[in-house]
Amino acid sequence: MDISRRKFLKIGAAAGGSAACAVAAKAEARNARQPEPQWYGMLNDSTRCIGCKACMVACKKENKLEAESTLGEKEALGEQLYDAPRALSEHTYTLIKMHGEGEQEKTFVKAQCMHCVDPACASACIVGALKKEDNGAVKYDAGMCMGCRYCMVACPYSVPQFEWHRAIPSIRKCTLCSETRLEKGKPTACAGVCPAGAITFGRRSELIKIARARIDAAPEIYLDHIYGEQEVGGTGVLYLTKKYVAFAGLGLGDFDYKPVSGLTESIQHRIFQYFIPPIAVYSILGGIMAYNQRRKHNAGIEGGDDEY
């Protein structure tokens, strides 16, 4: 069949466009995930937290995490003498922060992975290194991770931390003590040592009932809202705050009730759907090369200029 170069390119372009459109049609948003009855979680009651940081010590001991210092002892003395992290890091999975500027009432609050119902980190991970476990924990598999750090960008709470100083780095974050304690029927290490009853471990559905009961029993103390029951589609870690202290003042974002995963998946789909046009272009170019090689072979031409 005789075919001109112009006609060949038109056919190829149409094929590429059709392929791209076909993939785009599959990139539709899915319904939000709902929490499972067996999922575990924690209720962090900031009205009860006394800032003792026993939870931080227990977390570091449970996960064998290195001490951190803001005083530079390691450089001067060769070891850390005082563990004083200021933010979550690869060495600090949970952190107690004090909020309240000036004359404002001071409130201690625990920062950690929220173990979201529909986690954006897992949704953004293109290799499946992060996933929601059957017990409710969001688990990370270092063996699958390729280090793209999309999870760090996707998380609305800026929880996943990267091991910047290691030759073969991984992502680090709270595991909900999934393998070390939950699978053995034990509560999380932080919940087990809290002396003030500020951290309650249990099934997420039961934690919501406990939180609601506390609010109803002492409306003069608590703000009438359970943070994480609905935010970003729901989280496994829930929070209570004082009546006149907004959650935003504790560093907990004022997010919509829709899961962030819907946005991250939409972005991912759009990125990968556009892998199709390059593939289509390469296919077209390959076809043109084969076409001209065949023409030259049939004409008995070796070498010489191509027609384009």
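Buried means under 20% relative accessible area, exposed means over 50%, and partly exposed lies in between (1.4 Å probe, protein chains only). By that scale Arg149 is partly exposed, because its relative accessible area is 29%.

This is a predicted model, in which local features need pLDDT of at least 70, side-chain atom pairs count only at pLDDT 80 or more, and totals for chains, interfaces and linings use all residues. Residues are numbered from 1 along each chain as its sequence is written, and side-chain values use heavy atoms, with hydrogens and water left out.

Most residues other than glycine have a negative phi. His115 and Arg149 are listed here with their positive phi values.

| Residue | Phi | Loop | Relative accessibility |
|---|---|---|---|
| His115 | about 45 degrees | between β3 and α4 (120-124) | 1% |
| Arg149 | about 65 degrees | between β5 and α5 | 29% |

Helices (H or I, at least four residues) and strands (E, at least two) are DSSP runs, numbered from the N terminus. His115 counts as buried.

**Surface patch**

Ile126, Val127, Met144, Met146 and Tyr150 form a nonpolar surface patch. Together they have about 410 Å² of accessible area. Nonpolar side chains (Val, Leu, Ile, Met, Phe, Trp, Tyr) are joined within 5 Å, like charges within 9 Å. Areas come from the Shrake-Rupley method with a 1.4 Å probe; for residues, only the protein chains shown count as cover. Met146 sits in the loop between β5 (138-140) and α5 (150-154). Met146 counts as exposed, at 51% relative accessibility.

Terms used: Patch = residues over 30% accessible without salt bridge, like charges linked within 9 Å, V, L, I, M, F, W, Y side chains within 5 Å. Salt bridge = Lys/Arg side-chain N within 4 Å of Asp/Glu carboxyl O.
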